[in-house]
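Subject: Structure handover

Dear colleague,

Here is the structure for your files. My notes on what was found in it follow below.

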Amino acid sequence: MLHSRQKIQALKSEYQQSLVNQLVTAVLILDKNLNICYLNPAAEALLIKSMHKLYGSSFNLIFSNTSINEARLQQLLSTEQEFTDSDIVIEFGKNHRFTAEVTASAVEFKHIPHLLLEFKQIDQQKQISLEVFQQQQWIAARDLIKGLAHEIKNPLGGLRGAAQLLSKELNQEQQEYTTMIIEQADRLTNLVDRLLGPNQLPEIKKHNIHSVLEKVNQVISYSNNQRIELLRDYDPSIPNIECDQEKIQQAVLNIVNNAIQAIDQNNTITLKTRIASNKTINGQKVKLAAQISIVDNGPGIPDKIQDTLFYPMVSGRTDGTGLGLSIAQTLIKQHHGKLSCISRTGHTEFIILLPLTQNVSLLKENN
Ligand SMILES: Nc1ncnc2c1ncn2[C@@H]1O[C@H](COP(=O)(O)OP(=O)(O)OP(=O)(O)O)[C@@H](O)[C@H]1O
Ligand SMILES: [Mg+2]
């Protein structure tokens, strides 16, 4: 069926006008002086500013310090060659920062050249793919180290046994040598056991998460020479959760110990609990979870280990073995939970998410 060209044209512009307001993609239009002349509602939501506030402002208000600059936009106006830049970090207003992919193209509006900028926010996508990648790397590194540790452990036992037998044949002066072998073998066995990580199934019972944290507090109060006190910010409404209290204690203790090693007396460490709803844990939607945050205001995680923080044998300390966080990660995973970290100077936060209940048959399968 044929329709008149005019009718199609009218329909087209009608659809275009009303649909642009309902697009999920954020759209920004600049006039030929590169000033903002239109934002669709998705762009208003992304920038948290209304068109009323932004109309007439220069594009630079949004794109300063990015690869989208005046020279490129002028070139686009003259050549009409569209371009797409990914990973543009937009810092707009106080504390509002996001990463976007921006496509810029030349358009005509009322016969006057304009520029159309389409934004796609990619922070969430980036975060998810980074998490998946790090997860795979963590499993690969852990399995490799576990395999190696296992191989070292057996001959080490033999070595120690032989030294013990030999020492019976030797005089006291010569026994010094076998004692040294035995001591060093014990030190290595200790390390190898930590490399192998927790190997027992968790003993799941219902526990009050705050009693578990108070135990950590007690241990810390005896063991730290700097007399750092833990501040507490608890949500008393969290119901009892199904967990192995010793394992959760160990995980939190490893994290708190790191914070103590990183900060000085002017800094603080806070244990914070909250109920978290609708979280994704290991790809599964969890309606309700207990969230334990360990927050310090120290120097932050060194940049060079931020991406591999949870891998075994990654340490920022000269005397660290780099196993504390990897072990904490294993313990939290045994509970089908999630351990993550956000860190910048003055604010480091380790976040443990634990489902309120555990599926016992799943525990056996996964551990
Ligand atoms: N709260 C924190 N502030 C600053 N850096 C931290 C913090 N927590 C961890 N780190 C850094 O992360 C590194 C890895 O920690 P992890 O507990 O895995 O190993 P480690 O403490 O070096 O050794 P281990 O725990 O086996 O004795 C630490 O060496 C430290 O550089
Ligand atoms: Mg540690």
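**Salt bridges and other findings**

Arginine 232 and glutamate 214 form a salt bridge, with 2.8 Å between the closest N and O atoms; the term stands for a side-chain nitrogen of Lys or Arg within 4 Å of a carboxyl oxygen of Asp or Glu. This pair links distant parts of the chain, with arginine 232 in strand β7 and glutamate 214 in helix α8 (residues 209-223), 18 residues apart. Helices (H or I, at least four residues) and strands (E, at least two) are DSSP runs, numbered from the N terminus. Arginine 232 is partly exposed at a relative accessible area of 42%, and glutamate 214 is partly exposed at 28%. Buried means under 20% relative accessible area, exposed means over 50%, and partly exposed is in between (1.4 Å probe, protein chains only).

Before the rest, some conventions. This is a predicted model, in which local features need pLDDT of at least 70, side-chain atom pairs count only at pLDDT 80 or more, and totals for chains, interfaces and linings use all residues. Residues are numbered from 1 along each chain as its sequence is written, chains are lettered from A and ligands numbered from 1 in the order in which they are written, and side-chain values use heavy atoms, with hydrogens and water left out.

The structure holds 9 salt bridges. One of them joins the side chains of glutamate 101 and lysine 120 at 3.9 Å, N to O. Here too distant parts of the chain are linked: glutamate 101 is in strand β4 (residues 97-109) and lysine 120 in strand β5 (residues 112-121), 19 residues apart. Glutamate 101 has a relative accessible area of 26% and therefore counts as partly exposed; lysine 120, at 48%, is partly exposed.

Lysine 153 forms a salt bridge with aspartate 193, where the closest N and O atoms are 2.6 Å apart. Lysine 153 is partly exposed at 33%, and aspartate 193 is partly exposed at 35%.

**Ligand 1**

Which residues are closest to ligand 1? Of the 23 residues that surround ligand 1, the closest are Asn258, Asp296, Ser315, Gly316 and Thr321; a residue is counted if one of its heavy atoms lies within 4 Å. By type, the shell divides into 10 nonpolar, 10 polar and 3 charged residues. Here Ala, Val, Leu, Ile, Met, Phe, Trp, Tyr, Cys and Pro count as nonpolar, Asp, Glu, Lys and Arg as charged, and the others, Gly among them, as polar.

A nitrogen atom of ligand 1 is 2.8 Å from an N or O atom in the side chain of aspartate 296. Oxygen atoms of ligand 1 are found 3.0 Å from a polar backbone atom of glycine 322 and 2.9 Å from a polar backbone atom of leucine 323. The protein covers 92% of the 600 Å² of accessible area that ligand 1 has on its own; accessible areas come from the Shrake-Rupley method with a 1.4 Å probe, and for residues only the protein chains shown count as cover. Elements that give two or more residues to the shell are α9 (245-262), α10 (324-334) and β12 (347-355). The largest share, 4 residues, comes from α9.

**Glutamine 334**

Glutamine 334 is in helix α10 and counts as buried because its relative accessibility is 6%. The side chain of glutamine 334 makes a polar contact with the side chain of lysine 247 at 3.2 Å, and reaches the backbone oxygen of glutamine 200 at 3.5 Å. A polar contact is a pair of N or O atoms within 3.5 Å; within protein, one must be able to donate a hydrogen and the other to accept it, and residues adjacent in sequence count only if both atoms are side-chain atoms.

**Positive phi**

Most residues other than glycine have a negative phi. Leucine 34 has a positive phi of about 65° although it is not a glycine. Leucine 34 lies in the loop between β1 (26-30) and β2 (36-39) and is buried, at 2%. Methionine 313 has a positive phi near 70°. Methionine 313 is in the loop between β10 (284-296) and α10 and is partly exposed, at 47%.

Regards
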